Amino acid sequence: MKSTLLLLALCATAQAAPPPSFFRALHIVETSGRTGAILGDGGKALGPLQIHKAYHADARIGGDYARCADLDYSRRVVSAYLQRYAPQAWAAGDVVTLARVHNGGPRGATKQATVAYGDKVARLTK
């Protein structure tokens, strides 16, 4: 019985995710809530969540990069990327760490340059 409960708890934790307000906060911070084929970072980032080609490739979900102009597809890309590079933060719903990794890459949570970004997303998530 105890082992079954432990297994269920581990499975539930592995499937945990940040709150839906996290994605809305990213959207607001990245593009002020705009949708469509928004180009940013000198044309290097695309869509409502400002996804770069390398980020899209690293997410490993397949599909054409141009689909990052779609908000739902962009959320799938970000979810896959963050589960790959920040699985513990994903499971814990640690929005600061997730935002920093989204902004600064796989080691973004350790970069001083991402602190303000993470804090801003966290404030908007609440």
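Thr31 counts as buried because its relative accessibility is 2%, where buried means under 20% relative accessible area, exposed over 50% and partly exposed in between, with a 1.4 Å probe and protein chains only. The model is predicted, so local features need pLDDT of at least 70 and side-chain atom pairs count only at pLDDT 80 or more, while totals for chains, interfaces and linings use all residues. Residues are numbered from 1 along each chain as its sequence is written, and side-chain values use heavy atoms, with hydrogens and water left out.

Thr31 belongs to helix H2 (residues 20-31); helices (H or I, at least four residues) and strands (E, at least two) are DSSP runs, numbered from the N terminus. Apart from neighbours within four places in sequence, Thr31 is in contact (heavy atoms within 4.5 Å) with Ile38, Gly47, Pro48 and Gln50.

## Sheet

Three strands form an open sheet in the order S1-S2-S3, with antiparallel pairing; two strands pair if DSSP finds at least two bridges between them. S1 (39-40) and S3 are the edge strands, each pairing on one side only. S1 and S2 (residues 45-46) run antiparallel and are joined by 2 bridges. Gly40 has Ala45 in S2 as its bridge partner.

## Core and pocket

The largest nonpolar core has 30 residues, of which Phe22, Ile51, Val78, Leu82 and Val121 touch the most other members. Such a core is a set of buried Ala, Val, Leu, Ile, Met, Phe, Trp, Tyr and Cys residues joined through side-chain atoms within 4.5 Å. H4 gives the most to this core, with 7 residues. Leaving aside neighbours within four places in sequence, Leu82 is in contact with Phe22, Tyr55, Pro87, Trp90, Leu98, Val101 and His102.

The largest pocket holds about 200 Å³ of space. On a 1 Å grid over the protein atoms alone, a pocket is an open set of points where a 1.4 Å probe fits, with protein on both sides within 12 Å along at least five of seven lines, and lining residues have an atom within 4 Å of a point. Of its 13 lining residues, Gln50, His52, Tyr55, His102 and Asn103 are the closest to the centre of the largest pocket. H3 supplies the largest share of the lining, 3 residues.

The table divides the lining by residue class.

| Class in the lining of the largest pocket | Number |
|---|---|
| Nonpolar | 5 residues |
| Polar | 5 residues |

Methods
Points joined across faces, edges and corners; volume = space filled by probe spheres on them. Nonpolar A, V, L, I, M, F, W, Y, C, P; charged D, E, K, R; others polar.
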